[in-house]
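Hello,

Here is the structure for your files. Please have a look, then read on for my notes.

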Amino acid sequence: MHDLLDGELWQLTVNGLVRGALYAALGAGLALVIGVTTRFHFAYALTYTVAPYAAYWAMDGLGAPFWPSALAGLAAAVAVSVLLEAGVYEPVARRAADRAMLAVLVTSIGVSTAGIALLQLKFGTGSLPFYGPDQVQHRLGSARISNFDLDQVATCLVLVAALAAFLAFTPVGRSIKAVRSNPGLAAVLGIGVRRVNLVCFAIAGLISGACALWYGLLYTVQPTMGDSTVIYGFVVAFLAGTRSSPLRALPVGIGLGLLEQWASNWLPLQWTQTAVFIVLTAYLAFLAVKDRLPRPRPARPVPLEKV
Amino acid sequence: MWINYLDQALLLAALAVSVNLLVGYAGQVSVAHAAFAGVGGYAVCFLAGLHGWPYLASLAVAVLVTAVLGVLIGLIALGLAEEFLILMTLAFSLGIIGVLATFDALGGVTGITGVDGLRLFGKELDTPADWLIPSAVVLALVFAVCRRIGESPYGQVLKGIREDAVATRALGKNTFGYKIGIFAITSGLTGLVGGLYSGWLGQATPSAYGFPLAMAVFAMVIVGGNANLAGSIAAGIVLTMIEPVLRQVLAVQSTQAALVQVVLYGVLLLLVMLVRPQGLFPERARKVAVPAPEARAQASPRPEPPARTPYDEADVVLRAEGLSKRFGGITAAKNIDLELRRGTITALVGPNGAGKTTAFNLLTGTVVPDTGSVTLNGAELVGMRPDLVVRAGLARTFQDVRLLNRLTCLENVMLAVPGRPGERLGPLFTPGRGVSRADREAAAEAMRWLEFVGMADEAATPADALSYGQAKLVSLARALATRADVLLLDEPASGVDAAWVETMLAMVAAVRDEGRTVCLVEHNLDVVRQLADHTCFMELGEITASGTLDELTGSARLAEAYFGAQ
Amino acid sequence: MPTPRSDLRRPRPVALLLATLAAGATLTACGSGDTGVSAADAETQAADLVKVLRLQDGAALGGDVTFKLGAALTLSGPSAGNGQSMRNAVELAAKQIKAAGGPTIKLSVKDIKGPDPVAAKQAASELASEGVPAKITSMGDGLGAMLADTDKSRILSLDGVGGAQVFTRGTQYFYGTREVAPSDAVPGALEWFKRTHPQGRTVGLAGVDLGAQNAAIKADMTAKFAAAGLTFNGLWETAAPASQDFASMLAKIKKNQPDLLWVAFSGASPGAFAAQAKAAGIKSELVGIEFTQEAVKASKGVLDSDGLKFAMDYFDASAPSNPLAKLFADAYKKAYGQPADFYAANAYEETLMVWDLIRRVKAAGGDPGDSAQLKAALEKDPRFASVYGGDSATVGTLKIDLKTHGVASRPMGVFEYKDGKVKPLATYDVGGQGFRLAG
């Protein structure tokens with residue numbers, strides 16, 4: 001099939017699929033957090049960045065081999081994520097009562113930038129020389145794909161599928177869904193909402209950490225690496241629906257990845273991100289007016305017969 | 001150095017004030033306003049900086065362009081829930097900044113820089129001190145406009161939208177119009193501030209108006225206090241000054257001061273959110289002089305009960321014919337025919353899910369029927385906007401009350417009083433005392449209705465502090481204050497403490513005795529028996545029988561279908 | 001629901017606040033100047049400095065002067081590393097100058113973050129209100145954001161990062177003390193390319209998006225390609241500054257691979273680019289416009305294994321070219337524990353340049369606090385001691401071109417980094433003059 005496409009477009013398609021899987025997994029994790037806890041979790045950027053930094057620290061500072069270090073990185077992301085909920089969001093939301101969403105949003109951004117500044121104080125402001133196993137290139141027709149790309153796609157797909165299965169088949173997963181659909185009722189039914197929230201943040205931390213580790217291996221590890229990533233995460237989370245199955249993040253994430261990469265085939269590179277946002281705005285605008293669009297109706301009202 | 005920071009603080013405070021009008025009063029969270037300020041800034045730098053326009057003219061263009069953008073985003077925002085609104089405005093702003101950063105004529109990623117020598121009223125704006133007066137004037141102007149709007153009947157409507165847009169619309173307010181209006185006004189104001197900000201900076205660049213600015217402004221609004229404009233100014237100045245102060249404090253030859261500063265800023269923000277989540281200055285309820293009790297007693301609108309016209313002889317005020325509505329495959333209403341006669345009470349009864357509330361929604365235009373017509377005093381209501389239906393004389397209450405929580409009882413009822421000039425921008429910004437006089441009259445009228453339902457003593461109580469029964473009474477007062485001819489009362493006595501039921505019944509009867517027409521949905525047959533002149537029985541979205549309650553309960557089939565269960 | 005007010009909670013946040021402030025103070029303390037040159041070292045180095053610069057003893061050194069020197073550096077954001085190096089070098093120079101009997105330099109450092117235009121503007125205005133007569137500046141004075149203020153407040157500004165870029169022309173008080181990157185280095189690099197790749201024909205560029213400046217830079221570069229007899233293949237891809245993710249850009253490059261690809265990124269980006277280009281199978285010869293250790297880190301070993309060629313006025317701390325360079329390289333290494341990069345080297349020689357101007361104004365009986373007099377002294381004789389060029393016995397010379405406000409001459413070349421070492425491939429001067437293949 002790749003013979004039908006020109007080399008660049010084929011490469012962009014491969015890039016888009018790889019990138020899309022990343023966006024999908026990130027979006028699924030964020031959707032879980034937003035859907036269940038209603039926290040506007042901007043510090044997702046922080047948990048994302050922490051993972052490769054912690055892994056690097058384990059490798060460079062403690063001399064650990066790559067894979068244990070990667071696990072340490074994941075653990076750090078999970079820990080930071082859970083701590084954020086327990087130590088920041090939950091107290092702030094409780095204090096802010098019905099203004100919780102905005103209060104959490106603002107605090108989240110403040111804490112996230114502060115956390116990233118702390119990382120910079122410790123590790124410097126530049127990129128980290130973070131690398132593990134050797135990178136091997138594979139050919140896919142005229143496109144190239146590396147082993148990291150493939151591993152990253154596999155990881156993302158497994159994470160999303162595992163999350164979906166977790167929600168569907170485990171008792172904890174079912175509690176999460178109960179809280180997602182009605183936290184008040186869930187609390188009445190004896191489900192520990194706080195505990196469920198913490199589980200969601202742990203999962204989101206895990207996903208962001210895993211994504212960041214692969215991204216770090218593929219590209220670079222630097223303090224600002226989470227900035228645009230988290231925005232893509234939000235985009236996927238909302239487009240896929242924050243209260244629907246994580247599997248829905250897959251087509252949305254991959255669609256976004258493809259859109260972003262393909263756009264660069266026809267537009268100057270500077271336009272590609274802008275194109276994504278414009279499409280997103282248009283889509284939301286469509287959502288907003290969908291219910292109010294004049295729908296084609298029969299010219300003459302058809303009276304309903306009495307039964 | 002400090003003067004320069006003061007310029008910045010004043011301008012950011014002005015930005016925060018206008019965003020607070022949108023976020024704090026109207027409850028519409030927009031991240032896009034920083035980008036709108038950017039549009040204003042670019043307009044000024046492009047026109048005045050590159051093309052030699054007079055500064056004032058370019059500012060006017062900035063305001064115009066951003067107001068138009070505001071209308072656009074307001075239109076999109078109408079149908080979105082809060083979280084989608086945040087996302088949409090985020091995407092919108094990133095899109096705008098992205099577009100600005102792409103055009104070579106606008107300087108691409110580096111923007112337009114080196115804009116110099118702007119003049120305002122013949123004075124060249126050169127040093128930071130020169131900018132102090134324009135910045136202060138703009139802040140004063142923005143504050144005055146926002147305060148005038150926010151603390152007026154217009155602002156009350158905005159708060160109503162924030163608390164419950166559906167309920168506010170049911171009081172006859174064109175909530176869509178208000179939303180678009182407030183987006184346009186606040187966008188225009190941010191465009192003006194952006195024009196000043198860019199002038200002061202001497203440049204318009206994408207990074208100056210990016211996400212960090214949006215968040216800084218949000219932090220100001222939240223820290224200062226929602227719906228408290230003075231708080232926004234205070235927070236704007238404090239938060240802007242934190243950076244230079246921290247820098248002075250950390251001025252030791254620290255190679256990492258810049259990062260430590262960011263850490264401290266984040267921690268301070270978190271602390272404020274934990275220690276004082278309502279902001280430095282919380283929202284205040286509006287003070288309205290409550291008329292003295294004796295004045296109230298005289299003004300009580302309750303007239304002598306006129307001689308009652310028998311039900312069959314009364315005029316038909318409202319007539320619904322053949323109303324049907326399907327949602328997907330479900331028939332919610334089927335061929336409803338209903339007549340409401342002047343000065344009478346008609347009850348809709350039937351099992352749960354029979355479509356009684358849907359019938360109300362169809363009558364009031366909240367749900368547009370697939371077929372059928374509704375005429376009020378001969379005028380067709382189908383196809384009319386719900387707020388116009390209310391103004392035409394058909395008001396409703398809600399089963400779940402839906403008072404506007406953070407507004408006082410008096411404000412809740414005042415909001416329903418129609419025709420207040422202060423709800424329109426024209427009169428608001430016309431000199432004279434017309435608005436405040438009308439406002440006092442509206443307060444007096446609202447007070448009379450509170451008196452009527454016996455809730456005058458709670459006038460200054462926030463609605464969320466009322467008991468359920470009290471809330472229902474206030475909601476009745478609110479419906480009455482719309483001056484609508486026909487009132488649709490959705491379960492006025494349900495869930496109300498037994499002690500309140502009698503009061504409620506007396507009230508409804510008094511409303512009828514006033515010559516108004518009432519239609520109520522009620523489960524409690526004792527209530528229906530006591531009040532209703534005429535009763536319609538609904539099942540499966542259809543009115544299957546009507547007559548007096550005794551006639552209906554006499555029917556064996558109905559008794560089995562519904563009444564039997566009682 | 002109204003928030004319940006509980007006074008029980010009050011003490012906790014206050015304690016938290018105190019704890020945080022304490023933590024902040026600690027952070028500041030560990031961040032503050034425990035690095036840097038020791039007083040004893042400064043004494044020794046100062047003696048050497050006086051010797052190397054062949055200065056006369058006495059009042060002409062400006063020991064009675066207290067001079068306020070500004071610095072507008074990127075201390076945070078993606079280019080924070082550059083700003084840090086420069087700050088280190090300026091502080092080192094200031095201590096040496098003081099110890100050598102020169103003026104007391106009171107340094108006022110401003111962070112222009114990134115550069116972020118708002119911060120740059122604030123920095124400009126603060127330096128103006130502090131009345132600094134001169135400043136060490138960077139990034140084409142904050143990518144143009146400070147230029148207007150530089151002239152308005154008449155601050156003699158020396159930029160050793162961006163040089164005298166096209167958009168800085170016409171700013172009276174602004175001088176670039178290094179090559180205009182990459183414009184000045186291009187002709188020599190093209191010459192090197194032609195000699196070493198006789199089959200090479202086409203040239204393209206991937207680089208930083210400089211907005212409105214793109215068009216001028218492109219015109220300049222393509223004209224130089226043509227002048228060298230090479231063909232511009234139409235590839236001109238730009239990305240946001242500091243971006244390190246080049247997936248879609250590389251797909252475009254792959255479709256239109258030139259024989260020679262300019263990699264016009266700075267900081268860590270060239271390293272990230274080289275690594276990703278290798279993975280993408282780009283066959284072009286890559287030539288960067290600068291080299292830093294940041295790039296080595298970002299390349300994940302690719303620069304060490306595959307090397308990176310770059311054309312610039314590179315400062316090689318491991319092989320200083322003259323006594324001043326050696327003095328600086330050794331002192332910097334000793335004070336900060338790492339080799340000096342070219343940002344540091346340029347800031348160091350700029351600080352010495354300011355001292356030179358102070359001495360000249362003093363000698364003429366003028367007021368070194370007056371920027372106009374400093375500028376006049378510069379215009380009278382635009383030659384200064386440099387850590388570039390020269391030989392083992394002679395200090396190099398930095399000569400300012402009074403027309404362009406850039407450098408009239410500057411030793412530069414094509415270099416290659418590989419396996420932790422930089423070696424020159426060709427050396428030349430501005431515009432490719434004196435071109436010589438390295439040995």
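Helices are DSSP runs of H or I with at least four residues, strands are runs of E with at least two, and both are numbered from the N terminus.

A word on the basis. This is a predicted model, in which local features need pLDDT of at least 70, side-chain atom pairs count only at pLDDT 80 or more, and totals for chains, interfaces and linings use all residues. Residues are numbered from 1 along each chain as its sequence is written, while chains are lettered from A and ligands numbered from 1 in the order in which they are written.

Now chain A. UniProt (unreviewed entry) places "transmembrane region" at several stretches, including 152–176 and 196–217. Those positions are in the numbering used here, feature names are shortened, and annotations may be inferred rather than shown by experiment. Residues 152–176 of chain A are 96% helix and 0% strand, with end C-alpha atoms 27 Å apart. Residues 196–217 of chain A are 100% helix and 0% strand, with end C-alpha atoms 32 Å apart.

Back to chain C. Its domain 1 is 39–179 + 320–405 and its domain 2 is 183–312 + 412–437, with bounds from an automatic or database domain assignment. Their C-alpha centres lie 29 Å apart. Nine residues of domain 1 and 12 residues of domain 2 make the contact.

Last, a sheet. Chain C has an open, antiparallel sheet of three strands in the order β11-β12-β13; strands pair if DSSP finds at least two bridges between them. β11 (383–386) and β13 (407–409) of chain C are at the edges with a single partner strand each, so one side of each has no neighbour in the sheet. Two bridges join β12 (residues 396–400) of chain C to β13(C). I400(C) has V407(C) as its bridge partner.

Best wishes

Methods:
Two residues are in contact if their C-beta atoms, placed from the backbone, lie within 7 Å.
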